[in-house]
Amino acid sequence: MTIMKTTNQNPTALTDTFGRQISYLRLSVTDRCDLRCHYCMAENMIFLPKAEVLSLEEMLMLCNAFIDRGVRRIRLTGGEPLVRKDIIWLFEQLGKQINSKRIDEVTVTTNGTQLSKMATDLYNAGVRRVNISLDTLKRDAFAEITRRDSLSKVMEGIDAALSAGLKVKINTVALKNKNEHEISDILNWCITKGLDLTLIETMPLGNIDSAREDSYLPLTGVIDNLKTDFTLTPNTHRTGGPARYYSIENSASKLGVITPLTNNFCDGCNRVRVTCTGRIYMCLGQSNHVDLREAIRSTNPEAELNKLLGNAMQEKPYGHDFAMKDGKMTGTVGRHMSMTGG
Ligand code: SAM
Ligand code: SF4
């Protein structure tokens, strides 16, 4: 394995046993959602009781503990982060940390349904980039994939985000027999609107109502097909995450691919994920975690959190074990993506 070591400028920076510095936090602010994407959730989900979920003030305390230890970028995710009541308050508090140069940016991953009413508030809070998940441009296919007829709301949300001045990246999960013949159209649409697009392979996280293998579409074939319509050139752009990028001839848009099953890019991983109950997962594709909630609710949260964050770094695994073997997905993890967000 090749490990990309990072330069440690903050003496208390969170660094794992492979020498990787953690500069990026993804915080899931709720496990709830107004959609039910087949690959993410079952139709009937049992959501967490409110008492188990951290308050927004507790989430801010947690973010501050990470910031003190060298985290520079924070993404709020979910579930659907924008359905959490008063979530703009947390964006505003984190926005103040950008103003005081304690962090570089606050971003959000959203399904877009709430953006038509919240995009301007996000911009005013200091958010400049949003990732919006969209797997199809067709109303029927959208209703089938997400189990909700909300495509027009998402489209209005995307336009509202652009009008508010937010840079938009579209995330599309590539799905066999669902959107596989539409991906070229989605890329064309992104180019026309000046948006970047990231394609994602479906990952084996949590029980859903069907076999994941039925909708798994390897991105290697998708890229080969796209090359018949677009001139794609591999690009050196890196974000410390699993995406690899292509430039598209005659377009300012970038195409990203996240290929956890066909290609594993864990060596430069710079991130950890925290659930809305305060559990830190050091890897999206592994189950080991450290529970931070008791520390947050203790009488000396700062010191307790600091200690646990240090412990968590000792537990960060090299990477996930997702793979396709003999037509079956392996490396499966029991929790749903909506616990740790994307
Ligand atoms: N609700 C928001 C949204 O949909 O953007 C944020 C949370 S969602 C869990 C984050 C991202 O994870 C989305 O882009 C979604 O498509 C992706 N996702 C969910 N389940 C997945 C899975 N099993 N495999 C791959 N991507 C998944
Ligand atoms: Fe909700 Fe996002 Fe999961 Fe879809 S992918 S069900 S929008 S949390």
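Student: Why is Ser215 called buried?

Tutor: In this predicted model, Ser215 has a relative accessible area of 14%. Buried means under 20% relative accessible area, exposed over 50%, and partly exposed in between, with a 1.4 Å probe and protein chains only; Ser215 is therefore buried.

Student: What makes His181 exposed?

Tutor: The relative accessibility of His181 is 73%, and the cut-off for exposed is over 50%, so His181 counts as exposed.

Student: Which residues are in contact with Ser215, leaving aside its neighbours within four places in sequence?

Tutor: They are Ala174, Leu175, Lys176 and Thr202. Contact means heavy atoms within 4.5 Å.

Student: How do you know that strand 1 and strand 10 pair?

Tutor: Two strands pair if DSSP finds at least two bridges between them. Strand 1 (residues 24-28) and strand 10 (residues 271-274) share four bridges, in the parallel sense, so by this definition they pair. Arg26 has Arg273 in strand 10 as its bridge partner. Strands here are DSSP runs (E, at least two residues), and helices are runs of H or I with at least four residues, numbered from the N terminus.

Student: What makes strand 7 and strand 12 edge strands?

Tutor: The open sheet of twelve strands has the order 7-8-9-6-5-4-3-2-1-10-11-12. Strand 7 (232-235) and strand 12 (289-291) each pair on one side only.

Student: How are residues and chains labelled, and what limits apply?

Tutor: Residues are numbered from 1 along each chain as its sequence is written, while chains are lettered from A and ligands numbered from 1 in the order in which they are written. Local features need pLDDT of at least 70, side-chain atom pairs count only at pLDDT 80 or more, and totals for chains, interfaces and linings use all residues, while side-chain values use heavy atoms, leaving out hydrogens and water.
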